[in-house]
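Subject: Structure handover

Hello,

Here is the structure I promised you. Please open it and keep it on screen while you read on.

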Amino acid sequence: MPEADRRGVLMGLAASLPAAGLIATPGFAAAAAGSAAPPASGAAWDLTDLFADTAAWEAGRKAVTDALPRLAGYKGTLGESAVAMLRALDDISAVTLKLIRVYIYASLKADEDLRISANQERDAQATDLYAAFQQAVAWQAPEVLALGRDKVESFIAASPDLARRFAFSLRDTLRQGEHTLSPEGEDLLAAASSPLSGPATTRGQLVSSDLSWPTVTLSDGRKQRLDEQGYTLVRDAPARADRKLVFDTFWGAYKGFENTLGANYAALLKGDLFEARARKYPGCLAAAIDRNAVPEGVYRTLVAEVNAGLPQLHRYFRLRQRMLKLPDLRYYDVYVPLVSLDRKYSLTDMRTITLEALKPLGPEYQAMLAKATSARWMDPLPRPGKRSGAYMSGDAYDVHPYLLLNLGEDYSGLSTYAHEWGHAMHTLLVHTAQPFELADYPIFTAEIASTCNEMLLGEYLLSRAKSRDEQIFLLGMQLDRIRGTFFRQTLLAEFELKAHELAETGEGLSGEAFSRVYLDLLRRYHGPDFVVDDLYGVEWAYIPHFFNAFYVYQYATSIAAGTWFGRRVLDGGKAEREGYLDVLRAGGSDHPTEILKRAGLDMTAPTAYQGLVAEFGRILDRIEALLG
């Protein structure tokens, strides 16, 4: 699934257009987790706000196609004057806005039903159009670099509009000068973007439409087709034998394609390495995180601090074994709630509770959220053929966000609802505060908005818990949220780093090798008392986020930051609340770590990560105290 880092497409610096600006739920399948049935109501999204129909979309695609020669014709004009530079960049920006609409409509329409070939073909056309757009504007970065810092700064000083809308992109181009190629080189890399996206497309099609998913019969007589959505609906089955059956059958289906999926992922790694070397980076990690000027120390500090905090995670697993009264703890026991809670949440309940839980973010936020959630901006329910998981698509600056969800009527569905609407609200706040050219925020800050919402939701529900069991359930959900978003996503990040290092050092790349690396990480993270069967090492093939290099670590950094900001909002006043909302409003107006530093949080230091590990320990203390 082509989730991307929302890097802007202006100035020809983006490696790829975000696939509908997707901001996805961590763990991919979390959006459909739980054994509850889907909500009983909820109309699907209305895409006519983008295009009235496919004929209008085709006209929009043609308009962008026809504009590309004009954009290419600006080559050689940026240095004539500040007026000439503004004229070129303004036109490119206007075409980009139209291109995004074309791209988003095609992507969302394709995700409605992956079995409809006409929609998949339009999605492919949009991908090819973006590749052509990249080629048309590939001259920009080399030309800006040729002008030099002094001349670019003089133009910025001479034009208030250039300064307001384009100064950050221009300066960021200069920052990345040593990694920018000649016009011919940039044109070549732009042309390569479409074929390099092939592994992600292949993986998505294989698991969504071509792989023959098995069906299992559970101990209660229920039959469940174990596709990616079906798996998440029954992986927490009450009967342990059912959980083992589900895991063994589902991962067995993946194991049958281990070689093919391994070859496909190896192709992606080689593509990442090709691009990193072409741009003269020391490695794939440096190439990926430099796009948003994230220091490499952030990634490595995160991994180090999570590994240092593994004793607390192992303590959690021991508590889980004790509460579930299991003779041992196995990987198929991970998703079982510590305490069951039969409460169901309709879509109306989810909306009402989320609005109440987010009151600490202030009346402006709440009014905007109330209006947005009453519109047809989301497709909330699972159905055959529909893209699994959950995401928010927010790059249509002149329209509004769209949300794809696959909700169950349980706590997980409620949590996913609050999570994805956090992304949508982030987008709306940015669009009220920033021009289009500065509205494209990276995942590094995007996930703070969603994880903070989840934290506020959990605190709200816990404050209203009516029984000991309900308190334990909600505290257990907080533990699982931190386990899944902080510890698990860092495990995935560590796997991704190791896989890229295998490619960089010329080691053999295969599905079996990837499964071996992943299995070693599973066993280290889960501890010596935890049994992880060899078969489950193939889980790496289930993670679509790996097809967007070094994406997942930002979930872990973000829950640390989101918890930090959420606690400040709850414990503080208007200043703390506005300080957090200013982080969201900043959008893409600066590099993400700099935006957070201005708000008082340094992500290069271990403090935020250590704080979340300590919070995890305090929640364990509370549950143990309730148990007596």
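How many residues does the largest nonpolar core have, and which of them have the most contacts inside it? Keep in mind that this is a predicted model. The core has 160 residues. Those with the most contacts inside it are Tyr254, Tyr265, Phe486, Phe495, Trp540 and Tyr580. Helix α19, residues 468-504, gives the most to this core: 17 residues. There is also a second, separate core of 47 residues. Val95, Tyr103, Ile104 and Leu162 are among its members.

Now look at Phe495. Leaving out residues up to four places away in sequence, Phe495 touches Tyr265, Phe514, Val517, Tyr518, Leu521, Trp540 and Phe546.

Next, a helix pair. Two packed helices are described by the angle between their axes and the distance between the axes. Take α18 (residues 443-463) and α21 (residues 553-571). Their angle is about 50 degrees, and their axes are 7 Å apart. The two helices are therefore oblique to each other. The crossing of α18 and α21 is right-handed. Their contact has 12 nonpolar, seven polar and three charged residues.

Finally, two backbone spots. Lys280 is not a glycine, yet has a positive phi of about 65 degrees. Lys280 sits in the loop between α11 (258-278) and α12 (284-289). Phe550 is not a glycine either, and has a positive phi of about 55 degrees. Phe550 is in the loop between β8 (530-531) and α21.

Which of the two is buried, and which is exposed? Lys280 is exposed, at 55% relative accessible area. Phe550 is buried, at 4% relative accessibility.

Best wishes

Conventions: Residues numbered from 1 in each chain as written. Predicted model: local features only at pLDDT ≥ 70, side-chain atom pairs only at ≥ 80, totals over all residues. Heavy atoms only, no water. Axes fitted to C-alpha atoms, helices over the stretch in contact; angles between N-to-C directions. Helix = DSSP H or I, 4+ residues; strand = E, 2+ residues; numbered from the N terminus. Parallel < 35°, antiparallel > 145°, perpendicular 65-115°, else oblique. Left-handed = near helix turned anticlockwise from the far one by under 90°. Nonpolar A, V, L, I, M, F, W, Y, C, P; charged D, E, K, R; others polar. Core = buried A, V, L, I, M, F, W, Y, C linked by side-chain atoms within 4.5 Å. Buried < 20%, exposed > 50% of the residue type's maximum accessible area, 1.4 Å probe, protein only. Contact = heavy atoms within 4.5 Å.
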